[in-house]
Amino acid sequence: MGLQRDSMTNSLKLAFRNILKRKGYSLLNIAGLTIGMSCCLLIFHYVSYEKSYDKFEPGANQIVRVRLDSYQKGVLAYKSATSYPAIGPAMKKDFPEVENYCRLIDDNLLLSNENQNKKFSENKGYYADPSSVDIFGLHFIKGNPHTALNGPDKIILSETTAKKYFENGDALGKTLVNRNGSHVQPFEITGIYKDFPSNSHLIINYLVSYATLGAELKAEGDTSNASETQWGWYDFYTYIQLKPGIHYQQLEAKLPAFCNKYINSRDWQKTNRNHDELHLIPMSDIHLYSNYNQEAEVNGNGQAVSFLFLIAIFIICIAWINYINLATARSVERAKEVGVRKVLGALRASLIRQFLTESFVLNFVSLIISLIIFFMLLHPFDFFTGRDNYTGVALTGDYWLIFLGLFIAGTVLSGLYPAFVLSGFKPVLVLKGAFKNTASGLLLRKSLIVAQFVTSVVLIAGTIIVYQQLNYMRNQSIGADINQTLVLKGPQTIDDSLYQNIYQPFKTAVLRQPDVKSISTSTSVPGDEIYWTNSWKKYGDQQSTSVTLYNLGVDYDFIPSYKIQLLAGRNFSEQFGTDKKAVIFNENAVKLLGFKDAASAVNQKVVNGGDDTLTIIGVTANFHQLGLQKIIDPMVIRLRPSNSNFYSVKVNASNAQNTIASLKSLWNNYFPKDPFDYFFLDESFGEQYKADLLFGKVFGVFAFLAILIACFGLLGLSAYNVLQRTKEIGIRKVLGASVQSILVLLSFDFLKLILISFLLAIPAGWFIMNLWLEDYAYRINITWWVFAVAGCLSLLIAVITISAQAIKAALSNPVRSLRTE
């Protein structure tokens, strides 16, 4: 035991002695390994957070969400994250695999406290079944979680929301008042829960009891109990809690028969050749793998996260490749050391242990430094990635284990090959000076250099393509002018019968402002997903089938204000009293209903919902209601001059602050009971690209660092190449060789490898980036010049890296070079 301890101590002493003896070599390796490990840890931190969504509850893996695919005329019309309210109860009744269910539906409220001194427009809450408390694992601070959402007119608040309305959050048992027109609805606060974690696909600031929705619909004249029985109203998020041991795919396999029983067997589905499919997605997969219509929040991109995970592996592998290359390149230098130690009786096993110890020490030192850098950069990195409020763990346990496994595997494997190569030298040949680098060793180093620069070219090309796609999405015309548009969220406290008497004077006052160009109203604005859908078909055509169109309600000024192009027909006009029974279609709606072209659709009659007949008076060019990640939906634009959802004010941006102040003053005069809530439309629309922009930033930074690490290896290899050819360079210079010829001599082999890397990188890069682009409905085409630029940049980086050593060798005194030999 003592001998083994002494042997290990000696190995460590020799390892530190060799590391300190070759300071330049050691620093280069430590720098590369440190950057590689630090980058790997930071990327793992990012990936760990993205993968942690909705996993904060022990039973989260047994919760799935039901989503809907709707086919019309046999063609997929839409994929929605929402579904019908009757699905949850029916699944609970039909399937023993279902433990429980809950439904959520968006609930936008204008709330004020009892004293009316604090009022806010709230849009991050839902009508929810009582079971949602248990399914989402809400942690109650006050109130009874089992009864809090029982019965109508009950509301529970997050801790932060409670403090917004009441001092110290003391809200339990008190009342919040919701105002909708002249209707005043008091809600009893029956619970306060801890703020929902940020790594959730839902933001839940409050929940209103589901029975409240039923009572509201009944008060409006609903006699069908629609919130429980509807199979056509698909605005509900339905979550299913599975019994322990049940995998969601077991239940999903039964859903086709379930759809046929409850949905597809209905006469209106058969008549229109429509059918629905239901699918399940685990709640923990929603953030990264669900980008359908009517998502609760903007989700992430699972493919992008997987790409970053692979980049982390590539970066750390590049650092280890550098170590292998530099260690084997130094084999000639260390051959005499091995030969002498073998002559003195050293066994091969002890030499292998020695070289592995050196590898471990270098990697361990790099690990310690990289951990220090990682924790120092953690908060700046979170700020950089837009998560400056994140207070969770640096890495989840799984990712620490992955990193530890990588570290051990990388340390052993990167040390093992050089150890076996160096320990296998024959002492007789080495001491006679007959030893040279083997062909197999040279082939390995060349292969590793090629692998490094294939990765570098792919990363450079990938960075260019990512930024091209992001610029395309941000700068491409969406078919509507959203610049210099200030959007006001409309009033909610004005009764419909009084609305026009207040809005028209307000509109006149707004238009008198010197920096206001126009004002228009609409039910939605670009960037705001449209939930208002219904069925349409051609009038009088027995062969025509109903299709689902997305409805946008506007006033007379909306289309000209947004500069939306009319392909045929005209805009709505107050001069035509018949326009109340008129509609405007977009190109996709015209095509879906089977009209030949835009012109042929004008003046044609269409039927909405089976009984309301309207006339198409115009057709607009397609415009993007949502970001370019998604297709343009078939849309019908309807005249709704009395809607008050959004006011779009075109302003002079150079004097925006004064204009906002003037508008706020007018707002408080005309709508004193409503909060003044506004946003700039271009900024709001750009929020849809938040996840893509973040991926672009992170990808670009780590691609640069990966290339930097590859350059460290190239720098070290070129330095040792020069060292090994010192005598040759001296002789060539004595014989009259020029600096340029020596430079070409020393650079040619490396540049040849980089050219091979470039040729291999083109198909690999095209395949990988084309795979990434498939997530976008509207995307760029990958052009040849991207890879040409990536190849030229790689070549330039390599030339600069190699030239530093080559020029130094070419300019050295040949007498001194020959004397060293």
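This is a predicted model: local features need pLDDT of at least 70, side-chain atom pairs count only at pLDDT 80 or more; totals for chains, interfaces and linings use all residues.
**Surface patch**

I then looked up L377 by itself and found it in helix α14, which runs over residues 348-384. L377 has 38% relative accessibility, so I logged it as partly exposed.

**Salt bridges**

Next I wanted to know how many salt bridges the whole structure has. My search came back with 16. I followed up a few of them.

I checked where the two sit: K142 is in strand β7 (residues 140-143), while D170 is in the loop between α5 (159-165) and β9 (175-180). That makes it a link between distant parts of the chain, 28 residues apart.

Then I turned to a pair inside α5 itself, E159 and K163. Their closest N and O atoms are 3.9 Å apart, and I counted the pair as a salt bridge because the cut-off is 4 Å. Why are E159 and K163 separated by about one helical turn? They are 4 residues apart in helix α5, and that accounts for the spacing. E159 is partly exposed at 30% relative accessibility, and K163 is partly exposed too, at 47%.

I have D677 as partly exposed, with a relative accessible area of 26%, and K489 as partly exposed at 25%. I also noted a network: K93, D94 and K261 are joined by salt bridges that share partners.

**Cysteines**

How many disulfides does the structure hold? I got 0. I took C317 as a test case. Its sulfur has its closest cysteine sulfur in C40, at 8.7 Å, so I ruled out a bond there as too far; the cut-off for a disulfide is 2.5 Å. C317 is partly exposed, with a relative accessible area of 30%. I checked C711 as well, and at 12% it is buried.

**Helix α22**

α22 has 15 residues and reaches 21 Å from first C-alpha to last, close to the 21 Å expected at 1.5 Å a residue. Which residues of α22 are buried? I listed A656, T659, I660, L663, L666 and W667. Seen down the axis of α22, the buried residues fall within an arc of 130 degrees, so I put them down as lining one face of the helix. On the face turned away from that buried side I found the exposed residues Q657 and N669.

Q500 is in helix α18 (residues 496-511), and at 26% relative accessibility it is partly exposed. I compared Q500 with N643: the two are 143 residues apart in sequence and 9.6 Å apart in space, C-alpha to C-alpha.

I then looked at phi. Most residues other than glycine have a negative phi. Q294 has a positive one, near 60 degrees. I placed Q294 in the loop between α11 (286-289) and α12 (302-329). Is Q294 buried or exposed? It is buried, with a relative accessible area of 1%.

Q484 also has a positive phi, near 50 degrees. Q484 lies in the loop between α17 (439-475) and β14, and I logged it as partly exposed, with a relative accessible area of 34%.

Note on methods. Residues are numbered from 1 along each chain as its sequence is written. Side-chain values use heavy atoms; hydrogens and water are left out. Buried means under 20% relative accessible area, exposed over 50%, partly exposed in between (1.4 Å probe, protein chains only). A salt bridge is a side-chain nitrogen of Lys or Arg within 4 Å of a carboxyl oxygen of Asp or Glu. The expected span of a helix is 1.5 Å times one less than its number of residues. The arc is that of the directions from the helix axis to the C-beta atoms.
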